[in-house]
Amino acid sequence: MNCVIEGNCVKAFGKAIHALSRIGDELWLDPMVKGLAVRSVNSAHSAYACFLFSPLFFQRYSLGSGSEQDSGTVKCKLVMKSVLPLFRCLTSIERNVDRCQISINIPDDRVVFQFFCRHGITKTYNLGFQESEALQAVFASHLCPNALKAQARLLGDMVMHFPVSQEEITLSMNPLRLNLRNYYEEGNDQMKMMYTEMSLHPDEFDYFQVGVDSDITFCLKELRGLLSFAESHGLPVSVHFGAAGKPVCFAVEDMVLEASVVLATLTDSESSGPSQAAEAPVPTAHRCGDAAGLPEASCEAEGFAAVTELIASSQGSPMMNPTGLMRRLTGTQEPDRLSVADKGRASTFTTPASSTICSLLFRALSPEQGEDGCASLLPVLACSSDVEEDTEEDFTRSPSL
Amino acid sequence: MKFRAKIIDIGCLNHFTRVVTTISKLTKTCVLRLTADNLFFVLSGKVANGGVSMWCELSQANFFDEYQMEGVSAEANEICLEVTPENLSRALKTVQNAKAVKVKLTRKHCPCLTVAAELPTLSSISRVVTHDLPVDVIPRRLWAEFKEPSMPDFDVSIYLPPLKTMKNVVDRMKNLSNFLVMMMTMDLRMGAGPGAETQTPWLRPGSTSGSCSSSSWDSRSTPARPCAISSTTGSST
């Protein structure tokens, strides 16, 4: 893959990298015919972001890096810490950089970033990459009952009232108002924290659709990067979500790029059905990793074996690092020891919170998944896109520079 | 105990926010005393050990359009609260363009100072933002600590030069030492570091607009002597 970004677009690309750095520690580059997709996911798999730059964004965009043995484009995984410093100071990029060339050098396992700057200076960075399967999630926005569209400025004004350190916020939507309030986990500090709440009228939004009244709680920190990107480009942001527990998707698009951030939301334990008692302890068993939990864990591991091929970081373990989101799910219930029978039942009908979030974004498309009872029973909230497009690609190889 | 107040004027809101922000830079918590006519922000620190002590009186009529206060009881018609000025400052800063800001004492999960603002929007219906700041109510038996401090008998009274000029100098002296020496003769000298007492004068009342006056001694015959040593860290807020 070889592409050249010119002028102001370098700054836009840098801003996208900044937004992605808020999400995860690794960056996936996926050159495709329809454009270059740059993605990231957080370690708990509860947040995912994707920026897709169409070929029109680039001054020149060509796939194929000249190496004959590869059947298709190479999908790379880079460490965020090595990419972010290249784009750290956006004002100096705007002033000094004329164009930026990104190419993938397969024999050396390097992604090469070359910045052609003023005064004839060229800066070349060779970053090592790991070849990786595509990381991708497709979120069925059109199936979401609730949808909002607002100018980025409005959303920026909304989140401005919350301190930068605020982790999670709760968004409540009903036909009359939209409410935002900050959210703190159960804890002894709760009494001393400052609570902020704001409420807006539907008229303030460009588009306001309420299918189901819902309260969703998600991580604000991970969203701020996209909001800042949208504000700097003056793009409207569309928000799609459903009931608590289903993921929420924030998306922006314009002629040459599309960006989306998908965040997991807290399952609202009060509103779930009678299987609550069986449901809640299961995540606890996972989290504590105690012996009683292992049989369940290994079942899930098989179910996710295909998933783990997609995401190198989730090596067979259904466990994720408990984030604030996860802890909330178990906080109100007492972590009892479960009998194996209970766990078996729980996995079939209820959706244990940890596995809900795990299956939230990704599902393998490998055929063996259907054979495994566990995996097929877990709800899939967002599917990976088809891999067909990879095999359909037919491109001529151009010599690399 | 009841407290409700409303600010409508943007200038007043701005001014009040600046006062609270200044206080938030001095201390993490302070006492807010509410009386029928005034608000006091009090911090009783230990001045002898280089601590900061502060007593700030604001006339409520200068800021609030509406003000209702009912104290603990009829004889003690006051409310004393321990607040975190930083929270209050943050709450006020985000609503600087509000149409109206109401501050009230409420009880949510704990006693709270609620700042509720109505923000203007393009549509006819305004946006409402509410901040709940937890506060502690201070019992009557401790109120004696927060009375107005009495001013000690002073030897010298000084009209200072413009604070901006002083701030510039003090900021630079912060790098030299933790303590600042101020001396008065016919001009004002400030120095920091070893040998500060003999530093050359840097400010003269004639060239700036400061002057000095003395209530008890003849300034021409008295030699220069250090009259104040203050810590550089607290003084430049």
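Trainee: What makes the area between chain A and chain B "buried"?

Mentor: Buried area is the accessible area, taken with a 1.4 Å probe, that two parts lose on being put together, summed over both. For chain A and chain B that comes to about 1700 Å², with 56% of it on carbon and sulfur atoms. Keep in mind that this is a predicted model, where local features need pLDDT of at least 70 and side-chain atom pairs count only at pLDDT 80 or more, while totals for chains, interfaces and linings use all residues. Residues are numbered from 1 along each chain as its sequence is written, chains are lettered from A and ligands numbered from 1 in the order in which they are written, and side-chain values use heavy atoms, leaving out hydrogens and water.

Trainee: How many residues of each chain take part in the contact?

Mentor: Contact means heavy atoms within 4.5 Å. Chain A gives 20 residues and chain B gives 21 residues.

Trainee: Why is the pair A:Glu204 and B:Arg127 called a salt bridge?

Mentor: The term asks for a side-chain nitrogen of Lys or Arg within 4 Å of a carboxyl oxygen of Asp or Glu. In this pair the closest N and O atoms are 3.0 Å apart, so A:Glu204 and B:Arg127 qualify. The count between the two chains is 1 salt bridge.

Trainee: Which elements give two or more residues to the side of chain A that touches chain B?

Mentor: They are α4 (152-160) and β14 (195-200) of chain A; helices (H or I, at least four residues) and strands (E, at least two) are DSSP runs, numbered from the N terminus. The largest share, 6 residues, comes from β14(A).

Trainee: How do you know that β14(A) pairs with strand β9 (residues 127-134) of chain B?

Mentor: Two strands pair if DSSP finds at least two bridges between them. β14(A) and β9(B) have 5 bridges, in the antiparallel sense, so they meet that rule. In β9(B), B:Val129 is the bridge partner of A:Met198.

Trainee: What makes strand β2 (residues 26-32) of chain A largely enclosed?

Mentor: A residue is buried under 20% relative accessible area, exposed over 50%, and partly exposed in between (1.4 Å probe, protein chains only). In β2(A), 6 of the 7 residues are buried, so the rest of the structure largely encloses this strand. β2(A) also pairs in the antiparallel sense with strand β6 (residues 76-79) of chain A over 4 bridges, and with strand β3 (residues 35-41) of chain A over 5 bridges. A:Leu29 stands opposite A:Cys76 in β6(A). β2(A) and β3(A) form a hairpin with 2 residues between them.

Trainee: Are A:Asp30 and A:Arg39 buried or exposed?

Mentor: Both A:Asp30 and A:Arg39 are buried. They form a salt bridge, with the closest N and O atoms 3.0 Å apart, and A:Lys75 is linked with them in a network of salt bridges.
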